[in-house]
Amino acid sequence: MSDVLRELTEEGVSVWLDDINRDRLRTGNLEMLMRDFWVRGVTSNPTIFAHALSQGDAYDEQIADLKIRRVSVEEASRMITTYDIRWAADVLRPAYDETDGLDGRVSIEVDPRLAKETAATIAEAKQLWWLVDRPNMFIKIPATAEGVPAITETLAKGISVNVTLIFSLERYGEVIDAYMAGLEQAAANGHDISQIASVASFFVSRVDTEVDKRLEKIGTPEAAALKGKAAIANARLAYELYEQKLATPRWAALAAKGARVQRPLWASTSTKDPAFPDTLYVVELVARDTVNTMPEATLHATADHGVLRGDTIHGTYEQSRQVFAELEKLGISYDDVVRVLEDEGVSKFAVSWNELLETIRTELSTK
């Protein structure tokens, strides 16, 4: 059992696994990670499912059955993915019960091709909630401009939401407001808002990937000195914004009705640049009431050689703002970086979803 991951949990950071596949479920691997590596939740996305379907034979029997039933490729994709999510939710249910619903969660994303369509996103969220039918599930909705009102409306129906693909502080502020609006409407609709949960998935490493690419083009010593700093600074400022929103009368009124905080979730936490430690986006983002969803390699790296220094977010806000001031001086626009990342994030997930559909189409034609 990992002492580092236990310590991380005791610091108030929930350890989640950023991966799901049927082999992991049928072999008991997820139970092992819960027992030995303090895993308390699971996230999925279209890329993860596309990869899972392309590996091994775990899905062969279900695909053969779907072929006999002559289901469409679109229906097959939902039958396959929700099967895994339902199974994972059942495996995680003890953690959900032990933490009074704080953890033990598993997420499934709406079709990313709907990211610019508010009404279609809401309709799919409702369908997925009904189809999986597990209280410890999150519906993932991208934080696009069109996704923000869908977040509010979905929460208003009593459905728990994982808001994904957040890159900018401005959008994150909109997401927090959408969460509070959703809870207010849910309460007005007669829902027990203490049973509604949410996390806000703030993407980390992709910020460094985009910023550092621009710094390398500049090529000066001043630019080199800023490499690997933007992502952590951005996430730390997101936590500051989270604290500011919790200090408002609006949140106090919701908390008095039993509302749960929408925890910041650090996503995309694998280190892409080998020049930096492989635990960078774990040990530098430690604060209470957060989630770190890690690919398995990052999970094992943290367990093996991660070195925690307690809370590494509080006390860093001015330093973090200075990072972006220095980037602006070099001509790197924060607004442009986060716009590019949001557009790319939606596009990449849509590509992965199409790859998933194509894999299923091929499998249905050959099984």
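**Exercise 1. Find the volume of the largest pocket and the residues closest to its centre.**

Solution. Start with the volume: the largest pocket has about 480 Å³. A pocket here is an open set of points on a 1 Å grid over the protein atoms alone, where a 1.4 Å probe fits, with protein on both sides within 12 Å along at least five of seven lines. The volume is the space filled by probe spheres set on the points, which are joined across faces, edges and corners. Next, look at the lining (residues with an atom within 4 Å of a point). It has 28 residues, and those closest to the centre are Phe-203, Arg-206, Ser-268, Lys-272 and Phe-349.

Please keep in mind that this is a predicted model, where local features need pLDDT of at least 70, side-chain atom pairs count only at pLDDT 80 or more, and totals for chains, interfaces and linings use all residues. Residues are numbered from 1 along each chain as its sequence is written, and side-chain values use heavy atoms, without hydrogens and water.

**Exercise 2. Work out how the strands are arranged.**

Solution. First, follow the order: eight strands form a closed barrel, 1-2-3-4-5-6-7-8, with parallel pairing. Strands (DSSP runs of E, at least two residues, numbered from the N terminus) pair if DSSP finds at least two bridges between them. Then zoom in on one pair: strand 6 and strand 7 run parallel, joined by five bridges.

Conventions
Helix = DSSP H or I, 4+ residues; strand = E, 2+ residues; numbered from the N terminus.
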